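Here is a short briefing on one chain. Please look over the sequence and the structure before reading on.

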Amino acid sequence: KIEAKQTIREVFGRDKQGVRPYRCRFCASWHIGHNAILRDRALTDYLYGLALPVSRYALQAWRDLTSCYKNVPIPNASAGPDDDMIMFTWDNAVHHLELEVWQDGHGEWFYLNRTTDAMGEAEYNIGSTLPILHIS
């Protein structure tokens, strides 16, 4: 059993200088050291701008995540085809982590290690404690 917080630390660890490179959502290039507050604001502005019922749950999920781990990278975020879901995704080398947030207030975590094919899933009630991801 691995907690989501521990998984996030393993997936998105920092380099020796304490700076984590990330893929820019505007130009798709890798950057280092952009202002985290501005990046967080871009995500929240995007979610507010969608004006979907699911947006409030996505914002709460982001607050839940950042309250348990302060250095969470800004995810790629997009609305589902029926506007009833928002998906957050993070990729770092072999690690892939995603969170689907649904308009009924539940979420689904999914983790994949692309090298070992280790996977994990967990159900998540938005606004509650982050779940334990069972990775096998």
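What percentage of the 136 residues in the chain is buried? Buried residues make up 40% of the chain. The model is predicted, with a mean pLDDT of 76 for the chain. The notes below run from the overall fold to single residues.

**Fold and surface**

- The chain holds 3 helices and 9 strands.
- Read from the N terminus, the order of elements is β-α-β-β-α-α-β-β-β-β-β-β.
- Of the contacts with a separation of 6 or more, 38% link residues 24 or more positions apart.

**Confidence**

- A pLDDT of 70 or more is reached by 71% of the residues.
- Among the elements, strand 7 has the highest mean pLDDT, at 94.
- The lowest mean, 45, belongs to strand 3 (residues 30–31).
- Residues 14–22 have pLDDT below 50, and this stretch has 19 contacts in the model beyond near neighbours in sequence.
- Residues 29–38 also stay under 50. The model gives this stretch 17 contacts beyond four places in sequence.
- Where pLDDT is low, predicted coordinates should not be read in detail.

**Nonpolar core**

- The largest nonpolar core has 25 residues.
- Phe88, Trp90, Leu99, Val101 and Trp109 have the most contacts inside this core.
- Two helices give two or more residues each: helix 2 (36–50) and helix 3 (55–68).
- Helix 3 supplies the largest share, with 6 residues.

- Leu99 has contacts beyond four places in sequence with Ala61, Ile86, Met87, Phe88 and Trp90, among others.
- Further partners of Leu99 include Gly107, Glu108, Trp109 and Tyr124.
- Val101 sits in strand 6. Its relative accessibility is 0%, so Val101 counts as buried.
- Val101 and Ala58 are 43 residues apart in sequence, yet their C-alpha atoms are 5.9 Å apart.
- Beyond four places in sequence, Val101 touches residues including Val54, Tyr57, Ala58 and Ala61.
- Asp84, Met85, Ile86, His106, Gly107 and Ile126 are also among the residues that Val101 touches.

**Aromatic residues**

- The model has 4 aromatic pairs.
- Trp62 and Phe88 form an edge-to-face pair, because their planes meet at 75 degrees, with ring centres 6.4 Å apart.
- Trp62 lies in helix 3 and Phe88 in strand 5, so this pair ties together parts that are 26 residues apart in sequence.
- Both Trp62 and Phe88 are buried.
- Phe88 and Trp90 also form an edge-to-face pair, with ring centres 6.2 Å apart and planes at 65 degrees.
- Trp90 is buried, like Phe88.
- One aromatic cluster is made up of Trp62, Phe88, Trp90, Trp109 and Tyr124.

**A buried histidine**

- His95 is found in strand 6.
- Why does His95 count as buried? Its relative accessible area is 18%, and the cut-off for buried is under 20%.
- The side chains of His95 and Tyr111 are joined by a polar contact of 2.6 Å.

**Ala122 and the residues around it**

- Ala122 lies in strand 8.
- Ala122 has a relative accessible area of 9%, so it is buried.
- The contacts of Ala122 beyond four places in sequence are Gly107, Glu108, Trp109, Pro131, Ile132 and Leu133.
- The C-alpha atoms of Ala122 and Ile135 are separated by 9.6 Å, and the two residues are 13 apart along the chain.

**Positive phi in loops**

- Most residues other than glycine have a negative phi.
- Ala93 has a positive phi, near 55 degrees.
- Ala93 is in the loop between strand 5 and strand 6. Is Ala93 buried or exposed? Ala93 is exposed, because its relative accessibility is 66%.
- Asp117 also has a positive phi, about 65 degrees.
- The loop between strand 7 and strand 8 holds Asp117. The relative accessible area of Asp117 is 52%, so Asp117 is exposed.

Terms used:
Residues numbered from 1 in each chain as written. Predicted model: local features only at pLDDT ≥ 70, side-chain atom pairs only at ≥ 80, totals over all residues. Heavy atoms only, no water. Helix = DSSP H or I, 4+ residues; strand = E, 2+ residues; numbered from the N terminus. Buried < 20%, exposed > 50% of the residue type's maximum accessible area, 1.4 Å probe, protein only. Contact = heavy atoms within 4.5 Å. Core = buried A, V, L, I, M, F, W, Y, C linked by side-chain atoms within 4.5 Å. Polar contact = N/O pair within 3.5 Å; in protein donor to acceptor, adjacent residues only side chain to side chain. Phe/Tyr/Trp six-rings, centres within 6.5 Å; stacked < 30°, edge-to-face > 60°. pLDDT = per-residue confidence, 0-100.
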